[in-house]
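The exercises below are meant to be worked through with the sequence and the model open side by side.

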Amino acid sequence: MSLVKNIKNLVLSTGTFAIVSLMAFFISPSCRQHRHKVVEEIDVAHDTLISSENADTLCEIIETPRVAVLSDDPEDLLDFMRTSENWESYRNGILPQMIEKSPEYVKKLLNNVYSGFIAVDKSRMKVMLFDKYGNLQKSYGMACAKNYGTKHEKGDSRTPEGFFSVEGIYDSTEWLFTDDNGVTSKKKGQFGPRFIRLRIPGTSQIGIHGTCAPWSIGARTSHGCIRITNENILELVELVEIGMPVIVIPGRKDMEQNVKEGYDIPWIPTSANAKEPKTKQEITPEPEAEPDTLTVNDTLPEQVYDSIIELEKDTANNEVVY
């Protein structure tokens, strides 16, 4: 009773201001909760690639905590690592080798507040999980988009390249695939058991997920997403965090396509001895064939091209990957 009496006296003494303040106090938590819900719905509504009506969200989207901003200067970044108490961990990782290719990426990774980061390397066709110091923890074979270069628009069958982050982790067991013409497949399981959605400007349809076609791993065959085996995606989702950085790295042909279109997406090494792939623009052209040289045109039907797995040299260890 005394609480009610005190509130009544407060209202009478302070008038409208007190009423508004009390209403704000009780309503604000639900408003905050509603705001996050609306943001999630807007983010998901960008695409029609997947149907998530019956999918349970495993993790909610969270805001990235603020961290200190470091210098962009490569020498400052290297000095930061050298003077850190974690220098031995940095020295054994890939961050010192990355500075030459992309100090911007290194600065972001040094500011990383999560346990690690993911690298999707198109040249090696691997999804790799590193700890926050750049030391490899896990490596999985992958499949990615059939077309080369970074993604520009919906339906271009390209995997976006650049520095992104994990937006959410979902149970995708019941999801159905809808193609660019709006036709939805009735077959479930095409996204595997889990889907790691990536936060990418302009689209919410790209992610790392499992597959019902494990034989496609190693191929350029998807519409834009990154596939790994179902066994591997179940392991990976236990190790990633919402907000964790994800870097998608172009391969040689991706780099060539990006140059043609005027885009500069950094290549970064994903191992200590990795060498940047040489593009056609950097390779001395071979002499033209003599006039009597027989040229055989490739006349394979278009649908056959999609099933061909192109082999690329592993720039890290000279292995041929599939």
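Contact here means that heavy atoms lie within 4.5 Å. The structure is a predicted model.

**Exercise 1. Determine the strand order of the open sheet, and state which strands form its edges.**

Step one: the open sheet has eight strands, and their order is β3-β2-β1-β10-β5-β6-β7-β9, with mixed pairing. Step two: β3 (136–141) and β9 (226–227) are the edge strands, since each of them pairs on one side only.

**Exercise 2. Describe how strand β5 is joined to strand β10.**

Step one: β5, residues 162–171, and β10, residues 245–249, run antiparallel and are joined by four bridges. Step two: for Gly162, the bridge partner in β10 is Val248.

**Exercise 3. Find where helix α6 packs on the sheet, and list which of its residues are buried and what covers them.**

Step one: helix α6, residues 103–110, packs on the sheet and touches β1 (116–121), β5 and β10, while its direction makes about 45° with that of β5. Step two: the buried residues in α6 are Tyr105, Val106, Lys107, Leu109 and Leu110. Step three: the cover over these buried residues includes the helices α3 (74–82), α4 (87–92) and α5 (95–98), together with the strands β1, β5 and β10.

**Exercise 4. Is Glu161 buried or exposed, and what does its side chain contact?**

Step one: Glu161 lies in the loop between β4 (144–145) and β5. Step two: its relative accessible area is 5%, and because buried means under 20%, Glu161 counts as buried. Step three: the side chain of Glu161 makes a polar contact of 2.8 Å with the side chain of Lys122. Step four: leaving out residues up to four places away in sequence, Glu161 touches a set of residues that includes Lys122, Gly149, Thr150, Val248 and Pro250.

Technical notes: Residues numbered from 1 in each chain as written. Predicted model: local features only at pLDDT ≥ 70, side-chain atom pairs only at ≥ 80, totals over all residues. Heavy atoms only, no water. Pairing = 2+ DSSP bridges. Helix = DSSP H or I, 4+ residues; strand = E, 2+ residues; numbered from the N terminus. Axes fitted to C-alpha atoms, helices over the stretch in contact; angles between N-to-C directions. Buried < 20%, exposed > 50% of the residue type's maximum accessible area, 1.4 Å probe, protein only. Polar contact = N/O pair within 3.5 Å; in protein donor to acceptor, adjacent residues only side chain to side chain.
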